[in-house]
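I opened my notebook and went through this model one topic at a time. Here are my entries.

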Amino acid sequence: MGRDVARESGVGVLPPGPSQAVGLLVDRDVPSHLYSYSFEPNPDWSHRFSPGAEIQAYFEDVARRHGVAERIRFGQEVTRCAFEDGRWRIETADGATDVGDVVIAATGVLHHPSLPAIAGLDDFQGAAFHSARWDHDVPLAGRRLGIVGTGSTAIQIVSAVVDEVAELSLFQRTAQWVMPQENPAYTDAERAEFREHPEILKELRENISRLFADGFSKAVVDADSPLLQAIQDACRANLEENVRNPELREKLRPDYRAACKRLIISADFYDAIQRPNARLVTEGIERIEKSGVRTRDGHLHELDVLVLATGFRVDRFMRPMEVIGRHGTTLEQAWQDGPTAYLSISIPDFPNLFMLNGPNGPVGNFSLIDVAELQLAYVLQLVERIRAGTCRELSASHEATDRFDADRREAAKHTIWSSGCQSWYLDAHGVPMAWPWTFDRFREEMRQPRLADFDAV
Ligand code: NAP
């Protein structure tokens, strides 16, 4: 292992950027220099893809230094948001109320754990938790760990813990394509250079952003893209060359196209799953019992800890919050056919309510930080009109929203996500929900609101 198949396989059809960015055609998920605010570059990232604690420390530090942290009311769950007499009335779970002229729902998409409908989940006597509700009090060292799922989350967990646990069982329902991607550390000299020359850091960020925009994010919305074929070839080579046991290799071989599901980026997953203490279980799960997972072949896989890396309920967004717009229209009613929003930001009849990382946005294949920055700049242009008194209420018109929705459904047919696999990108009707155009188009759309598409009062 340890080869940069992305580079070797010639996937690099893009113009080379600085050395750190070459070969960076897909995100694993997003390089740290791109997963940073444009106005707060960080010269001190330790790696191309820095660990979670470092990322959290960066965001907390930025929030503190910009005076944001002190304005946050922590531990508050908003339960109701109603548009009454031209303003939003907000209620929280502890009974507090507040009033706002404008509400920005920045709740995002990947945050409501999806628990699998597997019989007996409550019978398990060991520790069991969803990956997004990790119980850090549960020791893993020397214990028998089971992981359900093979999404990006599960794959990263496998590599991170396989050397710590006594036994690891990965319960796979669907095999995944795995794109190898190295994660080099930045040297002290590089970090010093970034600190002394902010213009180099700025250029690096811009180059990575351009590689993404021209590369992977363009490819996923064009199922015929040669880059997708090159990625598939690189993933296949990774599988052929790095999984020694032919039986295991076939179990790990997907029967759909690479990037149809969210592409897995990992330099070490195949190594990890071939460790003597690791086992890939492809037999379906029958039920969970007090001492482990019973598969359909009757085998009981005894476990001490069970991690459910089973993804998220991606249609929830700010729900279960009760949101009531104009004329008593509820969000449940507006979204009865599934969540949708004009340009991912505004919902008809929900005036002065705007979303960041809402439905139909470019999620999953780009830096959500960049997405949120662009969306916020767009929203603030609308807010400024309200603040200046040009209008009191602004929400996307039904006509513009219907047009946007029809266009994005049509465009979705040409994306790789429509090429024949099951994934969280698909809605209940099998239509990809994600932004089906290029990132450049998104950036262009976010430059300035088309006011004719809004109902202004
Ligand atoms: P996911 O991609 O939705 O994967 C869920 C996994 O659970 C799938 O393998 C699914 O199998 C399996 N599963 C669900 N229900 C099951 C059941 N009843 N029995 C057996 N298996 C079951 O979720 P995720 O891995 O948490 O990733 C979600 C998204 O978060 C990613 O696509 C990515 O956008 C983001 N993410 C980002 C990073 C990062 O480093 N930036 C890391 C992790 C995740 P099937 O495939 O058969 O449905």
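**His33**

I found His33 in the loop between helix H1 (5–8) and helix H2 (52–65). Is His33 buried or exposed? I read a relative accessible area of 4%. Buried means under 20%, so His33 is buried. Next I listed what His33 touches, leaving out residues up to four places away in sequence. The list is Asn42, Trp45, Tyr186, Phe194, Leu201, Leu204, Arg205 and Ile208.

**Confidence**

The protein averages a pLDDT of 92. I noted that 93% of the residues score at least 70. Where does pLDDT stay under 50? I found that stretch at residues 1–28. The model still has 73 contacts for residues 1–28 beyond four places in sequence. Where pLDDT is low, predicted coordinates should not be read in detail.

**Cysteines**

I searched for disulfides and found 1 in the structure. A disulfide is a covalent bond between the sulfur atoms of two cysteines. Here the pair is Cys260 and Cys421, with their sulfur atoms 2.1 Å apart. This pair links distant parts of the chain, 161 residues apart. I placed Cys260 in the loop between helix H8 (246–251) and strand S9 (264–265). I placed Cys421 in the loop between helix H12 (398–412) and helix H13 (439–445). Both Cys260 and Cys421 are buried. I also looked up the torsion about their S-S bond, which is about -100°, so the disulfide of Cys260 and Cys421 is left-handed.

From the side of Cys391, the closest cysteine sulfur is in Cys81, at 19 Å. Cys81 is buried at 3% relative accessibility. Cys391 is buried too, with a relative accessible area of 8%.

**The open sheet**

I traced an open sheet of 4 strands in the order S3-S2-S1-S15. Its pairing is mixed. Which are the edge strands? They are strand S3 (97–100) and strand S15 (322–324), and each pairs on one side only. From one strand to the next, the twist averages 15°. I followed strand S2 (residues 87–92) to S3 and counted 4 bridges, in the antiparallel sense. Arg89 has Val99 in S3 as its bridge partner. In a regular strand the side chains alternate between the two faces of the sheet.

**Strands S6 and S7**

I moved on to strand S6 (residues 144–148). Here 4 of the 5 residues are buried, so S6 is largely enclosed by the rest of the structure. How many bridges join S6 to strand S7 (residues 167–171)? I found 5, and the two strands run parallel. Arg144 has Glu167 in S7 as its bridge partner.

**Helix H11**

I tested the length of helix H11 (residues 368–387) last. At 1.5 Å a residue, its 20 residues should span 28 Å. The end C-alpha atoms of H11 are 27 Å apart, which agrees. I also listed the buried residues of H11: Ile369, Asp370, Val371, Leu374, Gln375, Tyr378, Val379, Leu382 and Ile386. Just after H11, I noted that Gly389 takes a positive phi of about 85°.

Methods
Residues are numbered from 1 along each chain as its sequence is written. This is a predicted model: local features need pLDDT of at least 70, side-chain atom pairs count only at pLDDT 80 or more; totals for chains, interfaces and linings use all residues. Side-chain values use heavy atoms; hydrogens and water are left out. Two strands pair if DSSP finds at least two bridges between them. Axes are lines fitted to C-alpha atoms, for helices over the stretch in contact, and angles run from 0 to 180 degrees between N-to-C directions. Buried means under 20% relative accessible area, exposed over 50%, partly exposed in between (1.4 Å probe, protein chains only). Contact means heavy atoms within 4.5 Å. A disulfide is a pair of cysteine sulfur atoms within 2.5 Å. The expected span of a helix is 1.5 Å times one less than its number of residues. pLDDT is the predictor's confidence in each residue, from 0 to 100.
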